[in-house]
Amino acid sequence: MVVGVTGAGREVFAALDIGGTKIAAALVDAGGAVQWRGRAATPRTGGDDVLAVAARLLDGAGDAPVRALGVGAPGVIDPETGRVVSATEVLPGWAGTPVRDVLTERTGLPVAVVNDVRAMAYGEAQAGAGVGYHRVLHVAVGTGVGGALTTGGRLEHGAHGTAGEMAHLLVPERGPVPCGCGRRDHLEAVVSGPAIAAAGDAPHAGAVLGRALAGLLAVLDPDAVVVGGGVAQRGAPFLDAVAAAFRAEALPPLRATPIVAARLGTDAPLVGAALLAMTAQGSRR
């Protein structure tokens, strides 16, 4: 990997998607197309080891001239400092990790860091299912449950960096697995991939999410909802159950709000992270 650019139209940006089980890496061009992919298992031995593996993973990209690095990372991220403000034990020892500073030192690149679901949301807003909608609620259902908001294609972080977060919404039942925070009466305890696997009932999980969306949309009133993540990629019956429960429970003016599947799949957080790095470098309006 070489730091630099080779001229207009040939810029390449690196991206990392750090998760509890794997780290994905990519090189993405200025048009949002993925040019290279890599992956490695996530160490369970603390933030320093995670970032060491992430940096080594990028070395496998070869001699492509890379201008900047974008990172999607779990937890609440301070977008100004790129530090993990708080995190659950889904990734042990992750809270407090100065992701931007460490990766800048290890790679020599300018680094932009956001929460992983926000990276996914930015990718979908800029180059996926969110294109054409002004205000979008993005939902990610996989190992956990996450959410993010975009307006005019830009991320909304909120006063404390948690805008759009959904995992810890209270639900009127006890989930088969604990939420990342340890509670079982949170949305993540009922709707996440591990919860569905334990209960064996994807339609029920979809219905719970749909009812939660009915309440959220009464507050947020977005133009559309984009649902992504590993669970959502399974399609029906999960997404059908989400939509049916939402239509049944939502206020009448909200029932026609489009609920659409994410378009970029597992590339969404990588594309989003790369485009955020591009934006930070002034290469994209």
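Leu 213 touches Leu 137, Val 139, Met 166, Val 225, Val 242 and Phe 246, residues up to four places away in sequence not being counted. Contact here means heavy atoms within 4.5 Å. The model is predicted: local features need pLDDT of at least 70, side-chain atom pairs count only at pLDDT 80 or more, and totals for chains, interfaces and linings use all residues. Residues are numbered from 1 along each chain as its sequence is written, and side-chain values use heavy atoms, with hydrogens and water left out.

Leu 213 is among the residues with the most contacts inside the largest nonpolar core, which has 32 residues. Such a core is a set of buried Ala, Val, Leu, Ile, Met, Phe, Trp, Tyr and Cys residues joined through side-chain atoms within 4.5 Å. Buried means under 20% relative accessible area (1.4 Å probe, protein chains only). At least two residues each come from β9 (135–141), β10 (145–151), α4 (187–191), α6 (202–220), β12 (224–228) and α7 (238–249). Helices (H or I, at least four residues) and strands (E, at least two) are DSSP runs, numbered from the N terminus. Helix α6 gives the largest share of this core, ten residues. A second, separate core of 30 residues includes Val 12, Ile 23, Leu 51 and Leu 69.

Leu 51 is also one of the buried residues of α1, as are Gly 47, Val 50 and Leu 58. Cover for the buried residues of α1 includes β2 (12–18), β3 (22–29), β4 (34–41), β5 and α2 (99–107). The end C-alpha atoms of α1 (residues 47–59) are 19 Å apart, which agrees with the 18 Å that its 13 residues should span at 1.5 Å a residue. The expected span is 1.5 Å times one less than the number of residues.

Methods. Buried < 20%, exposed > 50% of the residue type's maximum accessible area, 1.4 Å probe, protein only.
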